[in-house]
Amino acid sequence: MGKFWLIFEPVLCSLILENLDAVIGEYLPPFVESVKLTTLTLGTKPFRIESVKTYLNTDPDTVCMDWRVSFIPSDRSDLTPGELDRQVNPKIKINIHMTKNLMGAVLPVQVEDISFHGHMRVQIRFMNKFPYAKVFEACFLEKPDFDYNLRPFGTDNLGIDVNVIPGLQTFVRDQAHAILGPMMYLPNVFTFDVEKFFSGEHDISQANGILAVTVYDATALDPANSDGGPFATRPKHTLNPYVRFSLDTTQELGRTSVRSSTMKPDWNETRFLLLNNLNAQLCLELCSQTKNPDAEDDRVATGYFDLRELDDEDRYEQEGLDLALLHKGNAISDLKVDMRYFPVSKPVKHEDGTVDPAPESNSAILRVTVHECQNLQGPSRMLPYVRVIINGEERIRTSPAWRNISPVFEVPGETAILDKSEVFVRVEVKDRSTVHKDVLLGVWSAHLSEMLQFQEENEGWWPLSMHDESVGYVRLSAQWKPVIMSGLRDGIGRHGYDAPPIGVMRLTFWEARDLRNVENVASGKSDPYVRVLSGYQIRERTNVIDNNLSPEWGETLYVPVHTPKEDLVLEVMDWNAKTRDKSLGLVELSLKDLVQLRVGDQSENPDKWYEATDAVIDQWTMLRSADRRPGKGELRYRAEFHPTLTPGQDTENGLDQDGSGLPLQDLHGSFIKYTPDDLVDLAAYSSGVLRIKIHEVEFSRHVYAYCQVVADALLPQYKTARLKGRKLSFNETTDVFIKEADISRLAIEVKPATSDEKDDTKIGYWIDGTKGIIRHIQNKRRGNQERGANDDGDNSEWFSLFGGGTENPGRIRLSFDYIPMSSFILSPDESIDNQGTLTASLIRGVDLKAADKSGTSDPYVVFTVNGDRVHKSGVVKKTLNPVWKNEQFTVPIHSRVTASFRIEVFDWNQIQGDEPIGSGGITLRGDMVESFASKDVNIPLDGVAGVTGSIRVRFLWQPQLLVKRKTQTSVLGSTTRIGTSTSMSSAEGGGMHSRTASEAGSGILQRSSTDLGSIATTIDNGNGLSDTVGVDGQLTVRIIEARGLQGVDKSGTTIRFKIKDYNRFSRAVDLGDSRWNIWDLIRPDQTRSDRWLPLDPIGSGEIHIVLEFSPQ
């Protein structure tokens, strides 16, 4: 230990000298301006480990020990004569600068005769390469004991130990415990990453990353607190709250602005905090500013967040956090925040010795160091100090130098820079005065880019000037540490997309190649898919391709965009069933290359609109990691912009012929469709962007939940923040692209905050067809026009929620708007009607070829789809005109346009092989099959010499969203119909629908994940029923009514309720099913139960029944 101490002690002292001033500054009394640690030497005698206790039940790579340690440098009894000759005693000197009220005096203090005893736990995790120790952790199991002499005036002879003053020694000891406690008193642990330190990645004296903390608001603070809380003696509405950020309650990292006189503060601010590592605890302290500027602000409550939760590349983002604000252990409010960590980009050294430089970035951590000044002009007894001001905010202030015209400071400071091109640096050198205002001695200023460009040429020396005259020099250096800060954009945050869409991006993902394999299973491969991110939101995603490093998707997705600055991230992910999906690499798509702004020629308030540029991206692009380093693999995609309808101002050549004053064309040159009462006919546009604002959700019970929006998809396109309570006020706006308004559907699901996209648990949901929503918007506009009201007013309405398992599942308040597309034509292979399930019923054959000597055949039929055999019929003996009964099957079709449907007819032979007697096929596109309607088709046979006849097959096509693997599905994917409900029937008119469904009394509607690619159905097999038993008796079931059923006829004809749609000339179509255990619906001691039951599949509606039970 003695040899190690001689090496480690100088490094430790240097580290403390650089960082302790800032930490102590948080605990200074009001009469002290600053404290400067000028000298620190811990001496040549090391600390001593008195005893060691080792724990055996640890991981193989970990050693855990309890040490009793002591540090008594004044004890010379165990030193050798040689060590006595070389001994250096500890010396600590501190300069205490008083405030101007105390004449700005500087009080030197010397600390002597230090001694220390402690009981600590040390844990070391090892690795098999240098430096062999990976992570070092230490904490004190109890408060350590320490002693010292404190001598003012900084002298060895004249100073006296001021600890004799009553109460002073206790005060100093308590302050030391207050500083050390949050860092390393159990349960807090001091963690040091040895591996990163020796590799140069972890400089513990500098910031190594930026934490972007977005603070939204706090729930209402209760002003009445009878238990002596923070508001017990405070009148209502006198709180001036702000949030203060610190690490382990010590050094302050930043704070929000102050909100005046409110008990429900709302900030919506983002603060960028500089972090050295993620091994600490972030404290978010709710404080109240006092009216007296000299008084300390009130500390109201504190919330905590463990930064270790961000210590993983896949977990750098933590969105929608609700942190409990605690006062004396009691939660008095919830603070809503988002957090995202951005590490400093580092060079990468390869095994062959080559080094990839750190990726360039326009954002970074800027480290500025004030080294020294030279030849300052001013009074001979000046006390100069330096201020560094960046974009108007003071970032560095040195301590005053004592009567020196060429002072040396060596004071560093760091700040987060979001855009290098917008940074201006100003340096002021001032003379500190104890009587009057400080005097400005000189100034230097420049743009940061200029400073970085020229600092090497002039070795960091910059001329100071005053009234255009040279007054000396200051040596200042700047270090640019690039940080990739993606996903932070103006205008898009937790409150959604407030700006209206300017158009949609059409993204076609063709394929990828040579992807990284992240599977741990032997011989397994990644299961890739692509997701499209706009900021924090996942807006769209492709299907998952199993076990493939060169997947082919061929999928087209549409994402609404709101500004050319809204860059999208196309990220290839590896899907995992039980763990978080892993990133395989990403591509950034810059919209400015595809979208251009156009401005009209009006002299005032000219028209502004956005059009597509001539560029269309269709290329292979190399994938990059999250920190923008070159990754493994490439992605081939196509991107193009399609604008929304943009009516311009009235112009002479744009007026309608009847002089109505309405423009004939929009600014893109597309003709505008109007209703007879001169409104834009929204229903005439089948494609557009539907805007949804989720105002609030109300439940009869306390929930912790969020909402997600799904439109014609299996996975959500938007998620709100997570809120708690019975009334959840979201006030978030989002939008989705509607391909075909006639058959599209929109769902809003309310999910528990603890569930993710792989968990299909729902508290409730609302669902309706977009055709009805658009008609609803049109009627609202018509009503506003008649009343002369503004369309921008509050047009929200309450809607009933389905599901939830209670008599009153809740309600949701929504408002809508619809922005049609301009001259947009949807490709047939992208239609919602292009995907679904095909039910084929084999009816009969006519004039088949005779294959047997008897002049007949024993025919059967084999059906294939896209070359895959999907069904084999039964054999009909001895006939050329066979008739089949109950010969039916259902098969999923992922693309009706490209699907190949064929039949092969064989003559069955018991001894010889079966003989083909004809084959044929049809296309499923166009009118060959019709949605939701049965159609008989004669398929002529050919392919064999002498073949004759045909096979008659009845087809039923049901559009459906399909997925190729077991993933979580929305309520839109669990039904075999893309419904055409247009009623907005769940809107409240005079009142909300009374619903009393009780789904097994659970309180939460829960469905397991469903493989929609499977032909089998779970409706009839009784899966999910409980084993509840009752007593013998007679049960009377009365079917009262139904609601929320999906229309399957294009004309919307009346449904004869058997949970089927009746058709005179074709088979009835299933509408839904509800299967329950009787004793989950009624108890043996009940005589009557009246309830609404949801129909399966989810989203098919509900049935109202009455059960009357008479026990035997």
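Is Cys373 buried or exposed? Select Cys373: at 1% relative accessibility, this residue counts as buried (buried means under 20% relative accessible area, exposed over 50%, partly exposed in between, with a 1.4 Å probe and protein chains only).

This is a predicted model, where local features need pLDDT of at least 70, side-chain atom pairs count only at pLDDT 80 or more, and totals for chains, interfaces and linings use all residues. Residues are numbered from 1 along each chain as its sequence is written, and side-chain values use heavy atoms, without hydrogens and water.

Next, pick Cys287. Cys287 is buried, at 3% relative accessibility. Now look for disulfides (pairs of cysteine sulfur atoms within 2.5 Å). The structure has zero.

Move to Pro187. Pro187 sits in the loop between helix H3 (168–184) and strand S8 (190–193). Helices (H or I, at least four residues) and strands (E, at least two) are DSSP runs, numbered from the N terminus. The peptide bond from Leu186 to Pro187 is cis, with omega near 10 degrees. Most peptide bonds are trans, and most residues other than glycine have a negative phi.

Glu459 is not a glycine, yet its phi is positive, about 55 degrees. Glu459 is exposed, at 62% relative accessibility. Lys878, also not a glycine, has a positive phi of about 50 degrees. Find Lys878 in the loop between strand S48 (868–872) and strand S49 (888–893).

Last stop: helix H6, residues 770–787. Helix H6 has 18 residues. Its buried residues include Ile773, Ile774 and Ile777. After H6 comes Gly788, with a positive phi near 75 degrees.

Definitions and conventions:
Expected span 1.5 Å × (residues − 1).
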